[in-house]
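Please look over the sequence and the 3D structure shown below before reading on. The briefing that follows goes through them topic by topic.

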Number of protein chains: 2
Amino acid sequence: MELRHLRYFVAVAEELHFGRAAARLHLSQPPLSRQIRELEEEVGAQLLKRDRRRVELMPAGAAFLAEAREILARSERAAARALRASRGELGEIDVGFVTSATTDAFAAILREFHRARPDVEVRLYDQMPQQQIDGLSSGRLDVGFLRLPVDHGLLRSEVVWRDSLVLALPAEHPLAKQQRVSWTEIASEPFISVPWQQSPGFQTVFYEACRAAGFVPHIKQYANDLPTVIWLVSVGTGIAVVTGGLASLARPSVVFRPLEPSGPQVDMVVAWRRDETSPVVEAFLEVTRSTVREAALE
Amino acid sequence: MELRHLRYFVAVAEELHFGRAAARLHLSQPPLSRQIRELEEEVGAQLLKRDRRRVELMPAGAAFLAEAREILARSERAAARALRASRGELGEIDVGFVTSATTDAFAAILREFHRARPDVEVRLYDQMPQQQIDGLSSGRLDVGFLRLPVDHGLLRSEVVWRDSLVLALPAEHPLAKQQRVSWTEIASEPFISVPWQQSPGFQTVFYEACRAAGFVPHIKQYANDLPTVIWLVSVGTGIAVVTGGLASLARPSVVFRPLEPSGPQVDMVVAWRRDETSPVVEAFLEVTRSTVREAALE
DNA sequence: AGCGTGTGATACGCAATGGATATGATCCGC
DNA sequence: GCGGATCATATCCATTGCGTATCACACGCT
């Protein structure tokens, strides 16, 4: 059975007349008759009842007609969808991100991409940098937002924005009264931190800043994720240095203060496979670039 | 585009290897390559990425693969369904019936048919005899249960059962105390009745029985359907003569009593188009016959 | 009643096309 | 660097889908 049989059958079933159906198909009548007969033989049932004068649908034909129309519509849709997918208008993309990427900028990228490609499903995965690199290499992820200097041979990356370091401290902490806090003022404070491998890029900059200010931070408590860090700050366990712009972690009992000198910054990079060809991924990267570019102009 | 293209594409997409896919299709490799290329040209997008060494799905190919599998499964199902429809295992049937057909016997027929042909949708239409005859002639109905002597040239009919006439009267009516009531005892009672054209077969027998008992019934109130007739009886407006076995109309405030002499009976017939060929209709008639036959033996 | 017209089926020839074989181009592993 | 693996290309052949001519038959008109 071929789609041709279905096309021919639908024409005959709609016209109930072999001659007219053949004309509609730009075909002569005898081959049409033969194709219908072949179809009936293959199906194993008579679909059309034809005496010499008129053609009518048998019950089997009525059942087949409904299915045939569906199949033909579906086959056109299949081609159309493949074409759209090839243009990146349709599909899915798996995006990894570190928690500290959940800034307004990242939200703007996702919002803008959804506007540009409403039929692409974006799947988000909160993952540590090394997980993301593994995921990108193996194909589980298509794009990653992370802070490591990515030197993996299969991957490429670009800096999308830079975050300054800010101090997170309980609202009732004495230093919270100041508009800005110097690094030396926090030298002897108890710190909350995530483990090294969670954010190696950030940690390197953080420890270097401390060293420059003449102290080694005392980590009072480790927590495995940023929300927990902020929660521990909020309940007074200690203070923490984090990246700026973490809108998603804002809460009343915690205040964020710029640090002086404000020099130390950490890069947020977007990474993807070097051999990437998916137009969806290309479009996502393009939206990422243009969105952060526009944000920088404001 | 033909189903062949889809079959070939699915094979290649599953094997990710032209040689193996060709073997699976009992085909040599070059024509397979050509058909895939043709498919890609028609769709307008590259579906497979092949360097000389390996084959992999492009995003467009992944989208197309899902659709292609659906279409192929569907096309097999289409043929299977047509075959089943030709055997009367699948389909629909439009059944008309007069209200007084809603007896246990009719319920048993419907129940038995559903058991025998669970995938046939039975659509029921409560209609007057003339409506049914028009419906059968025009094809809106396939089968009708009615009481007219059906002499329409295009239709055939068979008696399925005979109903005796019974008296419906309010539970507190004096005659309700008797186990049976004679025709002469109701000569001067006020009657409730449906209009003549609603049930001409029944009315003829009813008036003839009254005439034999020596009276012409006084119709106090007409109602357009049997449930209303029974309701009017229940509230004491009058009494009514109806057919026996109307289980669906039983209610506490109305009692049914046999009439003496019990001679007068009305036929319930099943009618269908003389040229009917639908195996579903044939099966329905066969179930009807066997069900009433078995009921008669009990 | 007979003939003409309309309609689907049949017969048959041709040409388009799907498939086979042979070969080429290129990549990868040893 | 060579040999094998793999997909593409070239070319030929056979299948088969299509067109023309014709048939068979039913219905309607005169």
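Which helices each supply at least two residues of the surface near DNA strand D? They are α3 (29–43) of chain A together with α2 (18–24) and α3 (29–43) of chain B, where helices (H or I, at least four residues) and strands (E, at least two) are DSSP runs, numbered from the N terminus. This is a predicted model, in which local features need pLDDT of at least 70 and side-chain atom pairs count only at pLDDT 80 or more, while totals for chains, interfaces and linings use all residues. Residues are numbered from 1 along each chain as its sequence is written, and chains are lettered from A and ligands numbered from 1 in the order in which they are written.

**The surfaces near the DNA**

- DNA strand D is surrounded by 18 residues, of which the closest are A:Ser28, A:Pro30, B:Phe18, B:Pro30 and B:Ser33; a residue is near a molecule or strand if its C-beta atom, placed from the backbone, lies within 6 Å of it.
- The helix that gives the most to the surface near DNA strand D is α3(B), with four residues.
- By class, this surface near DNA strand D has six nonpolar, six polar and six charged residues, where Ala, Val, Leu, Ile, Met, Phe, Trp, Tyr, Cys and Pro count as nonpolar, Asp, Glu, Lys and Arg as charged, and the others, Gly among them, as polar.
- Around DNA strand C there are 17 residues, and A:Phe18, A:Pro30, A:Ser33, B:Ser28 and B:Pro30 come nearest.
- For the surface near DNA strand C, α2 (18–24) and α3 of chain A together with α3 of chain B each supply at least two residues, and the residues of that surface divide into six nonpolar, six polar and five charged.

**How the two chains are related and meet**

- Two copies of a chain are related by a rotation about an axis and a shift along it.
- Here, chain B can be laid on chain A with an RMSD of 0.3 Å by a turn of 179° and a shift of 0.0 Å along the axis, when the copies are superposed by least squares on the C-alpha atoms of residues with pLDDT of at least 70 in both.
- That is the relation of a two-fold axis.
- In the interface, 34 residues of chain B are in contact with 34 residues of chain A, two residues being in contact if their C-beta atoms, placed from the backbone, lie within 7 Å.
- On the side of chain B that touches chain A, α1 (3–15), α3, α4 (59–86) and α9 (279–297) of chain B each supply at least two residues, and α4(B) gives the most, with 18 residues.
- The residues of this side of chain B divide into 20 nonpolar, six polar and eight charged.
- Because 100% of the interface residues of chain B are also interface residues in chain A, the copies meet through the same surface.

**Two helices of chain A**

- Helix α5 (residues 104–116) of chain A has 13 residues and reaches 18 Å from its first C-alpha to its last, close to the 18 Å expected at 1.5 Å a residue; the expected span of a helix is 1.5 Å times one less than its number of residues.
- In α5(A), the residues A:Ala105, A:Phe106, A:Ile109 and A:Phe113 are buried, a residue being buried if 20 or more other C-beta atoms lie within 10 Å of its own, exposed if 12 or fewer, and partly exposed in between, with C-beta atoms placed from the backbone.
- Seen down the axis of α5(A), its buried residues fall within an arc of 100°, so they line one face of the helix; the arc is that of the directions from the helix axis to the C-beta atoms.
- These buried residues of α5(A) pack against β3 (91–97), β4 (120–126), β5 (143–146), β6 (155–170) and α9 (279–297) of chain A.
- In α1(A), the buried residues are A:His5, A:Leu6, A:Tyr8, A:Phe9, A:Ala11, A:Val12 and A:Ala13, and they pack against α2, α3, β1 (48–50), β2 (55–57) and α4 (59–86) of chain A.

**Backbone details**

- A:His26, in the loop between α2 and α3 of chain A, has a positive phi of about 55° although it is not a glycine.
- A:His26 counts as exposed because it has 6 C-beta neighbours inside 10 Å.
- A cis peptide bond, with omega about -5°, joins A:Glu260 and A:Pro261, and A:Pro261 is found in the loop between β11 (254–260) and β12 of chain A.
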